[in-house]
Amino acid sequence: VVADSQHFRDVYEEFKEEDRRYRMYDFNPLFQFPIVRPWKHSRGLAIDQDRMVAPVPDLVAYRFSTGIFYQMFNKYKERFSRYFGYLFETYVGRILQESTSSENLFSEDTIRCTYPEKKGKVPDWVVVEGDTAILIECKATRFSRAALTTGAEPAIDTSLKQVLKGLLQLHEFREAAKAKLPGLELLCRCTDLIPVLVTFEPLYLIKSKPFRNHINGLLEKKGVNDFPWQILSIKDLEVLQPHLAAGVRLGEVMRKLKNRTFQNVLEEIQLLTERTYKDSFLYPLNEEIYRRLGV
């Protein structure tokens, strides 16, 4: 997590954009090395004479959390991302377990007991709220640096492959549930089936009209029309957790998000529940991380 000034410059040179029209999007080495030594470390330097600087202190915590994902992915590529996908799915389940009663939450394994793999795709999690079922598929996906930097359609479409895959899986299962196929009796009373894709990082502008039209165009090429998909990042779900635990229904939140921004809906339910992030099950875990870091 620490680099001296020369190493810091070397990392910048290694990852900077080749096309200098996009130089304002150059990778900031602080994400990889949030702590900087102003000078080269000397073995003979007494520890009380050494100096280290954290220009953006929040990036220290980022480096020990989300930053680990990128370090592992950069080294192990798909070997790590496949493993992380299972871990991510489990973590989403943990948040949902802290958000709703156990009798309303069904895992893929539970559904597979009556709806075997040969019958078709199944989402990672299903939350049943009366006549509403929220079908949740988890994808540890994000936009590539090329997509974020240039906005080029080929780079964006490459980044959207996992998104498209997840939406197609949700569509297949939703159609099976609507048809009330044998094995899906747990959804037989559900008249509103809300498909939700949960991603590892926020997919910026993904809910904007141009992006939605673009994704719908990609879905239409696969024969999928009029599919009411929605996308939440894991951060969105974390922020919602204390309010869901207070009795706000996830289905109602998703219905409001069809025509409103996440921030607007969040402010409304905050007024309703009067809960903050301190009421989240994650808060004591965060406090423990900061305690260990000495922040």
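This report describes the nonpolar cores and the aromatic contacts of a predicted model.

Residues are numbered from 1 along each chain as its sequence is written. Local features need pLDDT of at least 70, side-chain atom pairs count only at pLDDT 80 or more, totals for chains, interfaces and linings use all residues, and side-chain values use heavy atoms, with hydrogens and water left out.

**Nonpolar cores**

A nonpolar core is a set of buried Ala, Val, Leu, Ile, Met, Phe, Trp, Tyr and Cys residues joined through side-chain atoms within 4.5 Å. Buried means under 20% relative accessible area, exposed over 50%, and partly exposed in between (1.4 Å probe, protein chains only). The largest core has 35 residues, of which Val126, Leu160 and Leu167 touch the most other members. Contact (heavy atoms within 4.5 Å) links leucine 167 to Leu197, Ile215, Leu219, Phe227 and Trp229, leaving aside its neighbours within four places in sequence. A second, separate core of 34 residues includes Phe69, Ile134, Cys138 and Leu282.

**Aromatic pairs**

The structure holds 15 aromatic pairs. Rings of Phe, Tyr and Trp (its six-membered ring) pair if their centres lie within 6.5 Å; planes under 30 degrees apart count as stacked, over 60 as edge-to-face and the rest as tilted. Two edge-to-face pairs are listed here.

| Pair | Centre to centre | Angle between planes |
|---|---|---|
| Phenylalanine 84 and phenylalanine 200 | 5.2 Å | 80° |
| Tyrosine 277 and tyrosine 283 | 6.2 Å | 80° |

Phenylalanine 84 is buried at 11% relative accessibility, and phenylalanine 200 is buried at 12%. Tyrosine 277 is partly exposed at 34%, as is tyrosine 283 at 22%. One aromatic cluster includes Phe69, Tyr70, Phe84 and Phe200.
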